[in-house]
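Subject: Structure handover

Hello,

Please find the structure below, followed by notes on what was found in it.

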Amino acid sequence: MTDQILDAAAVRAAYRGGSLSPLDVLEHTLALIEARNPELNAIAYLDRDGARAAAEASAQRWADDDALGPLDGLPVTIKDSVNAAGMPWRHGCAAFSDLPDATEDSPPAARLREAGAVIVGKTTMPDFGMMAAGVSSLYGITRNPWDPSRNTGGSSSGAGASLAAGIGFSSVGSDIAGSVRLPAGHCGLVALKPTQGRIPHLASSTMRSAGPMGRTVDDVIDLYDVLSLPDPRDSLSLPPEAEAPREDRGPRGIRVGVLDDLGYGPGAHDAVLAVLSDAASALRDAGATVTSMPPVFDEDPYDALDRVFQVRARSELESIAPQLWDLVHPAVRDWCAQAADYTATDLIRFSEATARSAARMQNACAGYDFVIAPVLPVVGFAADECGVDAAQPLAHCGYTAWFNQTGQPAAAVCFGMSDGMPVGIQVIGPRFADRAVLRLTKWLEGARPFELTWPQATVNAAGGTP
């Protein structure tokens, strides 16, 4: 068991048959963390005692043939920004290092506990979640298991790194501009930014969502089924959705738009476009009507959106005592500095311009059942970089950020490799079509033109690497 990345279905079968227990799998996970995390720096907080207690309770349920569901006994992680009782909340920032531990579970943490999942701990993220990179004033640099000199993306950076290294079976991230899909793209994973409100989270937001991440679509669906249960604490929480099969007839007859040019900013690199083209060809060969979409924008809409993000970051900065501001990562602190001069009228104007651009994106997608697009326009960047453009840490999120604004579900899945690194694509559907998006993503996962072999380090009996 110690020399391979475990498969969730096989582990559940072993639990059922009695050849493995949740305690066995937890100990394997802890040994893997001990072996891999010093290099990757993906785990922000490790809750050994809480995880062992949860694993013991799960072991008894499996022995009694009373398991709570597919997550029962499986080690999972949650992002630093997801509150869980008894665990710290630091939001990636050194200025928050002395805050008391959380006293209440957020909706995602509550659903995980109710499902019997073993929450091993929390994963790293950049300051305020406002940098699409694995760099933090508190945690330092989080590194990509495929190549530790490369970035994980962000802001769910530790979730991306830990899952690609085989740590846990799934992870809860959060996504305000691409923050589950971007690490998935960098690290070869599957992730879903749901329809806003489909996965309850606090504080309620029309822009940010909690999102499931995993190595396979099935693992993401299992997590999605749990996280998407309603929670009255989130005023935007949607009512339960109808169950739908995981398998369907495939893409025959569906209309797919291919979004390869936003109409502004630097274009996607050739390697990214080649992978997107391969996915389009696979869908076309399977009977889908696949159409290249014209550029959505005829002028650059990003400035208004960037200023909305700046105001959000500045608001969090101003919640910190001024003498601690120097503890905030300068890439975030300097970027949001100019927001101090914006007025309330300015914010309304920026927000309205962003809403008009979001409507333009939604209208561009409306003629298709699904849209496929890049996750990001490049094949990664260096681990210590704060983004493609240091002055605008979210500027490379154009292919992802607009779907937070439209509220549409968008999944990421690896569909190619370039220079030894994964290349992800997005699958975007209409609002409330989350399960349909996941089904098409699962079909694409099965049509992937290569076998994805995860980067591994063998764990020896002492818990280290040879």
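Some terms come before the findings. On a 1 Å grid over the protein atoms alone, a pocket is an open set of points with protein on both sides within 12 Å along at least five of seven lines, whereas a cavity is a set where a 1.4 Å probe fits but cannot get out; lining residues have an atom within 4 Å of a point. Grid points are joined across faces, edges and corners, and a volume is the space filled by probe spheres set on the points.

The model is predicted, so local features need pLDDT of at least 70 and side-chain atom pairs count only at pLDDT 80 or more, while totals for chains, interfaces and linings use all residues. Residues are numbered from 1 along each chain as its sequence is written, and side-chain values use heavy atoms, with hydrogens and water left out.

Confidence

The protein chain has an average pLDDT (the predictor's confidence in each residue, from 0 to 100) of 95, and 96% of the residues score at least 70. Over residues 458-466 pLDDT stays under 50. Where pLDDT is low, the predicted coordinates should not be read in detail.

The largest pocket has a volume of about 430 Å³. Its lining consists of 24 residues, with Ser81, His91, Leu202, Arg208 and Arg312 nearest the centre. Helix H9 (302-317) and strand E8 (170-175) are the elements that give two or more residues to this lining; helices (H or I, at least four residues) and strands (E, at least two) are DSSP runs, numbered from the N terminus. H9 gives the largest share, 3 residues. By class, the lining has 8 nonpolar, 9 polar and 7 charged residues (Ala, Val, Leu, Ile, Met, Phe, Trp, Tyr, Cys and Pro count as nonpolar, Asp, Glu, Lys and Arg as charged, and the others, Gly among them, as polar).

The second largest pocket has a volume of about 310 Å³. It is lined by 18 residues, and Gly265, Pro266, Pro377, Ala395 and His396 are the closest to its centre. This lining divides into 10 nonpolar, 6 polar and 2 charged residues.

Cavities

There are 4 cavities of 30 Å³ or more. The volume of the largest cavity is about 80 Å³. Among its 13 lining residues, Gly185, Val378, Val379, Gly380 and Pro422 lie closest to the centre. Strand E15 (421-428) supplies the largest share of the lining, 4 residues. The lining of the largest cavity holds 7 nonpolar, 6 polar and no charged residues.

Regards

Conventions:
Contact = heavy atoms within 4.5 Å.
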